[in-house]
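Subject: Structure handover

Hello,

Please find the structure you asked about below. My notes come after it.

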Amino acid sequence: MKAQKVLVSTALGVGLGTLLLPTAALADTTVSPATTPVGGTVVLTATTCNPKAGDVLFHVTGPDRDQNVRSTTAAAGGGLSAELFTAGFTLGSYTVAATCGDGSSAGSATFTVTPIGAAPAGAGGGAGNTGLLAAGGALAGAAALGTTVLLRRRRRATAGTVA
């Protein structure tokens, strides 16, 4: 009976990991630059959104924001993008979650607003898919661990029966 529980847990872990990993690989939202001074401009880009499916909705949240930015502007590298002017933003980190016109998620990214003169030049913030990849990897690891434990128990049980 215990072996069945382990097998079911293993199968469930593998199944969930299989579902989460492709989703993480497909969703891609970036913010460039990743750090900007108050009054600076960041470019929000959802590369996986198809412009023909409608506009993208970027939801910006942070210390003093909970706003939506809608865009129909095609990005040079594909997808849709918008510019966000940070005048009046409070210093701190902001999260941008993108939803495509067809209702699918395009992932999330973060950027930081710093005091004027304090922002170093840098590349854009990457997609926030780390959590999905970590969850998928953890589920796959749990499935592998469960299989290993099950096989060791079977070997011990078989060895005990033979002796």
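The notes start with the whole chain and then turn to single residues.

This is a predicted model, in which local features need pLDDT of at least 70, side-chain atom pairs count only at pLDDT 80 or more, and totals for chains, interfaces and linings use all residues. Residues are numbered from 1 along each chain as its sequence is written, and side-chain values use heavy atoms, with hydrogens and water left out.

The whole chain

The protein chain has 2 helices and 9 strands; these are DSSP runs, numbered from the N terminus, with helices being H or I of at least four residues and strands being E of at least two. Their order along the sequence is α-β-β-β-β-β-β-β-β-β-α. Of the 163 residues, 27% count as buried (under 20% relative accessible area; exposed is over 50% and partly exposed lies in between, with a 1.4 Å probe and protein chains only). The accessible surface is about 9,200 Å², and carbon and sulfur atoms hold 62% of that (Shrake-Rupley method with a 1.4 Å probe; for residues, only the protein chains shown count as cover). Among contacts (heavy atoms within 4.5 Å) with a separation of 6 or more, 63% are between residues 24 or more positions apart.

Tyr94

Tyr94 sits in strand S8, residues 92-99. Is Tyr94 buried or exposed? Tyr94 counts as buried because its relative accessibility is 0%. Leaving aside neighbours within four places in sequence, its contacts include Val60, Pro63, Phe89 and Phe111. Asp64 is also in contact with Tyr94, and a polar contact of 2.7 Å joins their side chains (a pair of N or O atoms within 3.5 Å; within protein, one must be able to donate a hydrogen and the other to accept it, and residues adjacent in sequence count only if both atoms are side-chain atoms).

Val38

Val38 is in the loop between strand S2 (35-37) and strand S3 (41-46). Val38 counts as partly exposed, because its relative accessibility is 25%. Not counting residues up to four places away in sequence, Val38 touches Thr86, Leu91 and Ile116, among others.

The salt bridge

A search of the whole structure finds 1 salt bridge (a side-chain nitrogen of Lys or Arg within 4 Å of a carboxyl oxygen of Asp or Glu). Asp55 and Arg70 form it, with their closest N and O atoms 3.3 Å apart. Asp55 is in the loop between S3 and strand S4 (56-62), and Arg70 is in strand S5. Asp55 is partly exposed at 22%, whereas Arg70 is exposed at 55% relative accessibility.

Regards
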